[in-house]
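Have the model open while you read.

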Amino acid sequence: MSVGGRGAVQAGRQAVVPESALCALADLVPGARATVVEVVADGAPDTARRLGALGFAPGTVVEVVRRAPLRDPVVYRVKDYEVCLRRAQAACVFTTEVEL
Amino acid sequence: MTAGCHEPGGAGAVVAEDARIALVGSPNAGKTSVFNALTGLHAKTGNYPGVTVSRYVGSCRAGGRGHVIEDLPGTYSLEPISPDEQITVDVLDGRLDGTPRPDALLVVVDATTLRRSLTLVAQVLSRALPTCVVVTFTDELSLRQGHLDPDALSRALGLPVLPVVGHRGLGIGQVRERIAAWRSWPVPALAPPTDPAELDAWAESVLTFADYRPAERHKATQRLDAVLLHPVWGTAVFFAVMMAFFQTVFNLAAPLQGYVESLSGRLSHLIAGHVTNRWLSGLLGDAIIGGVGGVLVFVPQIMLLFLLLALLEGVGYLSRAAFLMDRVMARAGLEGRAFVALLSSFACAIPGILATRTLPSAKDRLATMMAAPLMTCSARLPVYVLLIGLLVEPSARIGPFGAQGLIMFGLYLLGAVSAMTAAWVIKKVTDRGGAAMPFFMEMPPYRLPAPRAVLLAMWSSARAFLRKCSTVIVAASIALWLALNLPLHSPAQLQAAGVDTGDSVAVSAYTVDHSYAADLGRLVSPVFDPLGFDWRINVGVLSAQSARETFVATLGQVAAAQSPDHPTDALRTMTNQDRSHAGQVIFTAPTIAALLVYFAYALQCMATVAVIRRETGTWKWPTIAFTYLTVTAWLMAYLAHTITAAVTGG
């Protein structure tokens, strides 16, 4: 696994996306769909690796399903199943939004 | 098929032990039902040495030989981030002392989450052990219009692939046949790629080859979640479920508890009527029947609680409750799943502590365990009822509310707030240095659990409770009875002391007054004097050290009241006999307040201490819990005594 010094898991074959077009998973609203570009967790390589194991791998499409009543955590649909993450973890997943 | 794989006469003993086979899979993959179906009800539970991780080992007879099956902790990846996952990796690598490396692996994957699960399969393949894949929930996959060709998957992976429906036992026979031939399982020659992008491509190619079509979204889950997780309706349903939970645990269990109580009462009378030896009848009736009865009274409640928890878990609501409460629990540095553990602690801290096993973070688990004994458990109820009855009249009102109910509510609130505060403090202390564990929780679809699986889950929790706790409480109540009735006094001694030997109440009052327990109660009086306790309360508090509810019975015995179960009237008028406070009423408002607060905080439950010891694997944490709770109890009781004295001018 190509884990960088910053704990980044990056797609080897992914087209280069300008930084400005990236959107953190945590900032998407329910109903949005986005493609994972990279998972970056500064100082927490464990988090980056675990998000990868949960299915948040580069190139994977993620859908925001719903927020908890107190707005955190949020349920995501990824690789055919549903998993919830807190904002802190979802902020590590950088995506490009998919047009519906 | 589901009745276990022991051939008649096997009786669970492993003969000619052949292979050690480990079950590997992610949580929720159905690993436990496969394990239960393979090993029957003969699994042994324990702990891995030195860690808070439960170990499940069972035996399975296949092909005339006994095989050891070990259910490894569930993991999403072999790159561990929690102690449980570390154990799984260490066992697979043969790095764990006392646990030999398994001879072969059964990888359990959920057919509906195959796309994600192949990452774990790939990591397991790199371990180069003989491997077989078990695919669960294949029925659900086809119900939701998904498809998988197990034979093609087998060819793509180069491993045997067996579809099963674990909770119904379908396909378990084939798994057992395969286990008999474990030596023929291939050892993966070429490990799949490890680079995430290449791994993804590998997984996709495997899925395409296996003609995999993912399951459609579960319609019922979508519809239910739209309501149950809705900001307004979801919150309303959550509180309704919690209300129903408490109503069931307290109201439905109450008549059942009444039956148990009257049964043990009748047994006691039977013994009193037929056993003429005062000593034997006392030991049998008061100590043993009383002690066992004291535990059995809680069994209906605890069974109901476990049943409800197993049902809510099996249906999938507990992960929703955890999802809804996560933000609230985050305030105390915990996560949603800790809410479920603290919820169980309202009935009894023991299932609450057992429920911390669902927490992936070891720090969260410890913090929750340390907080769980503060939740108002059912053993505190009889004590609170007695003391509140002494404090205020049933007719007393504060505003529109009854004073008794309000005080009871206040004590529940005190327990919950203190538990959250304790968890917050412990997390603050243990979090120094280490990075916080990421939070994630799978939201499985709602499922109708198999009744057998629910009953099994209920029974395994209840059995552990019964076995561990009945011994402690029975031993403690025998010891207490002996302490209250020794030393022996001959009729001559009694007469010399001016006691009418014909009056049994007077005799027992004299015996208790001059017993070892009384000596002990007087010995510790310097400690409890500032709280306003006299030696009789001290004996009650000391006896309640093993189990809180014995306080009521002990005070009854000590006060030599006519009815030991309702000592209220006798206690109300009880006065202090010690020289310095002679003639003063013992149960004054400040003393009762101090006692209530003491019981709210103190860890007076040896069963809880034993369970914390078992779950953490060391004496360190039960010692910490005991010390901090007892010290806090004393300080808070002193505070309550001082404040109440100032307010009432007593």
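**Notes on the A–B interface and salt bridges**

1. Chain A and chain B bury about 3,400 Å² between them, with 57% of it on carbon and sulfur atoms; buried area here is the accessible area (1.4 Å probe) that two parts lose on being put together, summed over both. On the chain A side, Arg50(A), Asp80(A) and Arg86(A) lose the most area to chain B, together 20% of what that side buries.

2. Before going further, a word on the ground rules. This is a predicted model, where local features need pLDDT of at least 70 and side-chain atom pairs count only at pLDDT 80 or more, while totals for chains, interfaces and linings use all residues. Residues are numbered from 1 along each chain as its sequence is written, chains are lettered from A in the order in which they are written, and side-chain values use heavy atoms, with hydrogens and water left out.

3. Counting contacts (heavy atoms within 4.5 Å), 35 residues of chain A touch 40 residues of chain B. The interface also has five salt bridges, a salt bridge being a side-chain nitrogen of Lys or Arg within 4 Å of a carboxyl oxygen of Asp or Glu. Take Arg86(A) and Asp326(B): their closest N and O atoms are 2.7 Å apart.

4. The strands meet across the interface too. Strands and helices are DSSP runs (E, at least two residues, for strands; H or I, at least four, for helices), numbered from the N terminus, and two strands pair if DSSP finds at least two bridges between them. Three bridges join β6(A) to β10(B), residues 440-442, and the two run antiparallel. Within that pairing, Cys84(A) has Met441(B) as its bridge partner.

5. Over all chains, the whole structure has 25 salt bridges. One of them pairs Glu63(A) with Arg33(A), at 3.8 Å between the closest N and O atoms. Glu63(A) sits in β4 and Arg33(A) in β3 of chain A, so the pair ties together parts that are 30 residues apart in sequence. Buried or partly exposed (under 20% relative accessible area is buried, over 50% exposed, partly exposed in between; 1.4 Å probe, protein chains only)? Glu63(A) is buried at 16%, while Arg33(A) is partly exposed at 33%.

6. In chain B, look at Arg447(B) and Glu140(B), whose closest N and O atoms are 2.8 Å apart in a salt bridge. This one links a loop between β10 and α18 to helix α4, 307 residues apart. Arg447(B) counts as buried at 19%, and so does Glu140(B) at 11%.
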